[in-house]
Amino acid sequence: MKTGKEYIESLRNRNIKVYFKGQLLDPKTLSEHPYIRGHFNSAAVTYDLAHDPATEDLVTTTSHLTGKKINRFTHIHQSTEDLLKKVKMLRMISLRTGTCYQRCVGFDAMNATYTVTYEMDQKLGTSYHERFKKFLLYVQENDLMVAGAMTDPKGDRSLRPSQQADPDLFVHVVDRDNKGIYITGAKCHMTGMVNSHEMLIMPTMSMGPDDRDYAVCCALPVDAPGVLHIFGRQTNDDRKAEGDLDQGNPKYGIVGGETLTVLEHVFVPWERVFLCGEIEYSGMLVERFASYHRQNYGGCKGGVSDIVIGAAATAADFGGYGKATAIKDKLNQMIHLTETLYCCSIACSAEGRKTPSGAYYVDPLLANVGKHNVTSLIYEIDRLAQDIGGGILATMPSESDLKSEEVGKYVDKYLRGVASIPTIDRMRILRLLENMTGGVALVESMHGAGSPAAQKVMYSKLANLEAKKKHALDLAGVVLPPKKDK
Ligand code: SF4
Ligand code: FE
């Protein structure tokens, strides 16, 4: 297993093409780039904690392929205990980073692909599962980080992939020969892409008979010929070119360093193709991946919210109002909401079940409910945090002003809270709170792992409304007339 430092070093000699603000970046110094380094650092924590005796029980496990000790982020869940440990691991890591560490997306994509290829092979007589196991073995043996790549640009949402004015708005197979396939298109919102080794491409939705070329799942290095990445902007990101204080979380940044990843006639050899044209398994792969990823959010956002609660409570202490009853009440509300998020992740894991492949899968209904809660409860948690933090969260002078020869003494004097806490420390906590409760962090809670509408679609599929109606009718003593044949 790699350490964090070895992980970062392993990414130095790539031919990766990353553009930011119109400039092509030097791949050798990507991990030191001020706008990008936090995301490398955050992912590196998932490597370092595997070597820490205090955390290795959660972060390491035994490969079912080799019997060797591996990093859990490369594992295929073999029990409900594995599913539970995943959630506990995420909450624990979030407490250390306060932000996204990105490695879960590929983790979930691998578990989804593992289970679906097995079932597909059983039904269709294909040999995708064995191919995928070879890729998985390569990932485990080299302790790689894999970016899960699902979301296509989608163009006109009222049209199917094959009906779009531009055929590339969904990733599709444009050519094939006896060596492999060629794909073109793009993937959006790609968390952790530029600091991953590989990407695992999956279809973005179920596909119809005319969309066969769009039903494709395959793996390729993030620096494969024909691939380029456009690194996204974030709220307040130019603060990263300044000092540390105004960033709030300077070491690990905010959210996952997302990209628009473009694929121009990219070659993928057959041994790395895990679904190609089998439209009936496209939707299943999407659902599996989505549910595994939605499982995470009570763990990952639970840990992030723990930091928000701690920062809000400390801001109140530093301002001298931490003991007020109203503050304690707000903190209790935040704790209640945070643990509510965590409950769903624990529940969908405890209720997980074995799939035909032997791998374990979460309860999809409970996983979707958990992610859906995140789309509103995080807003409430952050609203309470901003309520506690006060207007200063939005109006505070900069680090440069604090350090200015002319006005620094005034910032220091007038932003002081309780006399025993240096002004700079009060400012640090307020900046952490500002950055964690605004901008991209909130949008990520809404749309990461799928927008609320995507979770609602799953309810009607999974919740068995007809059975609920039947129970109600039985209790009320209503017997419906038999349905007439048409
Ligand atoms: Fe993992 Fe997603 Fe949370 Fe990032 S946002 S830490 S990838 S679950
Ligand atoms: Fe996410």
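# Briefing: sheets, ligand shell and cysteines

Ala 449 is buried, its relative accessible area being 17% (buried is under 20%, exposed over 50% and partly exposed in between, with a 1.4 Å probe and protein chains only). This is a predicted model, in which local features need pLDDT of at least 70 and side-chain atom pairs count only at pLDDT 80 or more, while totals for chains, interfaces and linings use all residues. Residues are numbered from 1 along each chain as its sequence is written, chains are lettered from A and ligands numbered from 1 in the order in which they are written, and side-chain values use heavy atoms, without hydrogens and water.

**Loop residues with positive phi**

- Ala 449 has a phi near 65°, which is a positive value in a residue other than glycine.
- The loop that holds Ala 449 lies between α14 (439-447) and α15 (452-462); helices (H or I, at least four residues) and strands (E, at least two) are DSSP runs, numbered from the N terminus.
- Val 255 also has a positive phi, near 55°, and is likewise not a glycine.
- Val 255 belongs to the loop between β10 (227-231) and β11 (259-269), and this residue is buried at a relative accessible area of 7%.

**The six-stranded sheet**

- Six strands make an open sheet of mixed pairing, in the order β2-β1-β10-β11-β7-β6; strands pair if DSSP finds at least two bridges between them.
- At the edges stand β2 (23-24) and β6, each of which pairs on one side only.
- Strands β6 (residues 172-176) and β7 (residues 180-187) run antiparallel and are joined by four bridges.

- Strands β8 (residues 198-201) and β9 (residues 216-221) form an antiparallel pair over four bridges, with Leu 200 opposite Ala 219 in β9.

**Surroundings of ligand 1**

- The residues around ligand 1 (a heavy atom within 4 Å) are Cys 100, Tyr 101, Gln 102, Cys 104, Val 105, His 293, Asn 296, Tyr 297, Cys 300, Lys 301 and Glu 444.
- Helices α5 (104-124) and α7 (282-319) each contribute at least two residues to this shell.
- Five residues, the largest share of the shell, come from α7.
- The shell has six nonpolar, three polar and two charged residues; Ala, Val, Leu, Ile, Met, Phe, Trp, Tyr, Cys and Pro count as nonpolar, Asp, Glu, Lys and Arg as charged, and the others, Gly among them, as polar.

**Cysteines**

- Cys 300 is buried, with a relative accessible area of 10%.
- The whole structure contains zero disulfides (pairs of cysteine sulfur atoms within 2.5 Å).
- Cys 343 is in no disulfide, and the nearest cysteine sulfur, that of Cys 344, is 7.0 Å away.
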